[in-house]
Amino acid sequence: MNASGNGNASRGDNWIDAIAGRLSPTGENSFRDALRQFADQPEWCGDAGLRSKITEQLRTLTNADTSTLADCIPTSSRDQALEHALIAARRHHQSLHDSNDAAGDNASSSKCLCLVGSDHGRSVLARMASGRPTLRGNEWPLLPGFVHASADRFVDRIDSSTAVALVSPVDFSGVGQPLTADWWARCRQRCDETGTQLIIDHGDTPAAGNGYLFAHEMVAGVSADAVILSAGLVGELPGGLLVLSKSLASHLDESAQSSDLVGHLVSAALSTLIETDALATESDAFAIALAERIATRGCVRDLHACGHNVILELDVESQAWIEQSAAEQLHAHVCSDHSVLFQPPLLMTSEHQEALIDRIDAVLAGLEGTQELTEAAAPAATDSDATDLDAETEPEDEVHTDDLPIDSSFDADIDEAASAEDSDEELDDYEDDDDEAIEEDELDDMADEELAEEEETDDEVVGGDEDEEHETEQEETELESNELDEFESNEETEKL
């Protein structure tokens with residue numbers, strides 16, 4: 001389970017590889033001797049009995065009969081295994097619906113139904129089958145015959161024109177929610193009713209455990225017409241294995257290319273599984289132990305498990321996980337923006353499992369610490385913003401106060417004296433400018449009334465309590481403002 005590093009970025013023994021199950025299903029290096037034996041062959045003339053040997057090994061591991069598991073083809077890549085499977089399934093579909101009148105029409109109507117969000121490889125054909133638009137750019141040609149549906153509509157979309165139902169047990173590009181037993185049962189029944197071939201892609205799914213090699217058999221006990229294998233059987237080298245049922249094996253001829261090198265690697269991995277009885281391991285023990293350890297971690301939204309495949313759904317972005325896991329020297333696989341995948345090998349000592357869970361918990365603890373620091377910094381930033389806002393609004397308040405007719409911050413006596421003086425000056429101005437238009441007696445009467453009102457205001461201010469000073473000032477200000485309004489109104493009227 002330890003990953004040793006690669007030249008430029010040496011990791012050393014302190015790094016833990018949490019997806020080592022993709023390298024080897026048991027955690028042991030079963031490929032060294034297989035590679036050496038293959039390289040030491042005096043002649044590379046092909047091994048005619050290799051496919052039969054692998055087929056017998058798989059029957060031993062799965063307890064499948066010759067009808068369910070008829071043939072195996074080791075291929076140079078996982079994508080090539082998918083291509084062989086689609087060719088065989090479409091030929092089978094044509095043989096069921098072939099007629100003398102419309103053979104060509106049936107050939108063109110053979111559809112391959114795939115799940116939305118699935119990932120089946122990087123070749124042109126695999127990208128078309130994948131249910132992720134990001135895998136298909138504008139430069140990629142569109143191949144006819146591929147349709148996609150979500151899991152809740154997938155079974156209903158299967159009909160007599162569907163040659164292939166292509167499914168992966170777990171969508172590792174999302175939150176990793178495995179398909180349910182009821183879904184598998186309905187899909188298998190619908191495929192049997194319509195003559196559709198059920199092809200299950202295990203390219204990213206290592207051996208399941210709990211006594212099962214295939215995850216779909218562990219979950220629902222259903223059989224497939226073809227299975228594509230890769231993870232854990234070739235040491236993460238390019239290569240795959242196509243497992244065919246009797247219904248499809250007869251539709252592939254000798255033109256289907258196989259790889260002897262991949263066959264030797266697969267055979268070595270299967271031999272290790274048989275010798276160690278690794279499939280008998282209770283694969284859910286790791287998921288249970290991990291769930292118990294991280295139950296109190298607030299940054300974990302959910303945990304999804306399918307055998308030794310465990311996906312954590314997080315409340316933080318995956319980029320934060322990458323940074324924190326690097327600090328804790330843990331190597332895992334990021335599935336989406338908020339999920340991360342663990343695929344440890346079936347055979348782990350209790351010390352190795354404890355070390356892996358400790359490292360995962362340490363990463364989550366670091367993420368929570370970062371969240372707390374971020375939340376603590378947020379109120380401080382808010383207070384600072386409020387202070388800046390007050391500082392910005394203070395000058396505006398001062399300007400507004402200066403624009404008032406009377407400054408209410410001065411003492412009442414000073415305000416009154418200044419107001420009376422201003423009123424006299426304004427009155428004199430009016431008399432000088434408008435001698436011909438304004439009669440003197442009206443101005444005198446108006447001035448006498450204003451002075452009387454000011455004297456009454458003075459008496460109220462002197463006789464009032466100090467506690468009511470602010471209220472009196474406001475009343476005086478309003479009174480003086482009204483007086484000025486009256487002057488302006490009279491002036492305009494008289495000018496008219």
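Predicted model: local features only at pLDDT ≥ 70, side-chain atom pairs only at ≥ 80, totals over all residues.

Colleague: Fine. How many aromatic pairs are there?

Modeller: The whole structure has 4 aromatic pairs. The rule takes rings of Phe, Tyr and Trp (its six-membered ring) with centres within 6.5 Å; planes under 30 degrees apart are stacked, over 60 edge-to-face, and the rest tilted. Phe154 and Trp183 make a tilted pair, 5.6 Å centre to centre with 40° between the planes.

Colleague: Where do Phe154 and Trp183 sit in the chain?

Modeller: Phe154 is in helix H6 (residues 151–157) and Trp183 in helix H7 (residues 181–194), 29 residues apart, and the pair links distant parts of the chain. Helices here are DSSP runs of H or I with at least four residues, strands are runs of E with at least two, and both are numbered from the N terminus.

Colleague: Why does the pair of Trp183 and Trp184 count as edge-to-face?

Modeller: Their ring centres are 5.4 Å apart and the planes sit at 85°, so the pair is edge-to-face. Phe154, Trp183 and Trp184 form one aromatic cluster. Phe154 and Trp183 are both buried, and Trp184 is buried too. Buried means under 20% relative accessible area, exposed means over 50%, and partly exposed is in between (1.4 Å probe, protein chains only).

Colleague: Switching to charges: how many salt bridges?

Modeller: The count comes to 18 salt bridges, each being a side-chain nitrogen of Lys or Arg within 4 Å of a carboxyl oxygen of Asp or Glu. One of them joins Arg78 and Asp201 at 2.9 Å, N to O. Arg78 lies in helix H3 (residues 78–97) and Asp201 in strand S6, so the pair ties together parts that are 123 residues apart in sequence.

Colleague: Are Arg78 and Asp201 buried or exposed?

Modeller: Arg78 and Asp201 are both buried. Together with Asp204, Arg78 and Asp201 are linked in a network of salt bridges.

Colleague: What about Arg190, which residue does it bridge to?

Modeller: Arg190 pairs with Glu193, the closest N and O atoms being 3.4 Å apart. Both lie in helix H7, 3 residues apart, about one turn of the helix. Arg190 is partly exposed at 28% relative accessible area, and Glu193 is exposed at 51%.

Colleague: Now backbone. Which way does phi go in most residues?

Modeller: Most residues other than glycine have a negative phi. Asn210, though, has a positive phi near 60°. Asn210 is in the loop between strand S6 (197–202) and helix H8 (215–220). Glu236 is not a glycine either, and its phi is also positive, about 60°. Glu236 sits in the loop between strand S7 (226–229) and strand S8 (240–244).

Colleague: Last one: which residues touch Leu290?

Modeller: Leaving out residues up to four places away in sequence, Leu290 touches Leu303, Val310, Phe342, Ile357 and Ile360, where contact means heavy atoms within 4.5 Å. Leu290 is found in helix H11 (residues 284–293) and is buried, with a relative accessible area of 0%.

Colleague: And the surface patch?

Modeller: Leu35, Leu237 and Leu261 form a nonpolar patch with about 230 Å² of accessible area together. Patch residues have over 30% relative accessible area and no salt bridge; like charges are joined within 9 Å, and nonpolar side chains (Val, Leu, Ile, Met, Phe, Trp, Tyr) within 5 Å. Accessible areas come from the Shrake-Rupley method with a 1.4 Å probe, and for residues only the protein chains shown count as cover.

Definitions and conventions: Residues numbered from 1 in each chain as written. Heavy atoms only, no water.
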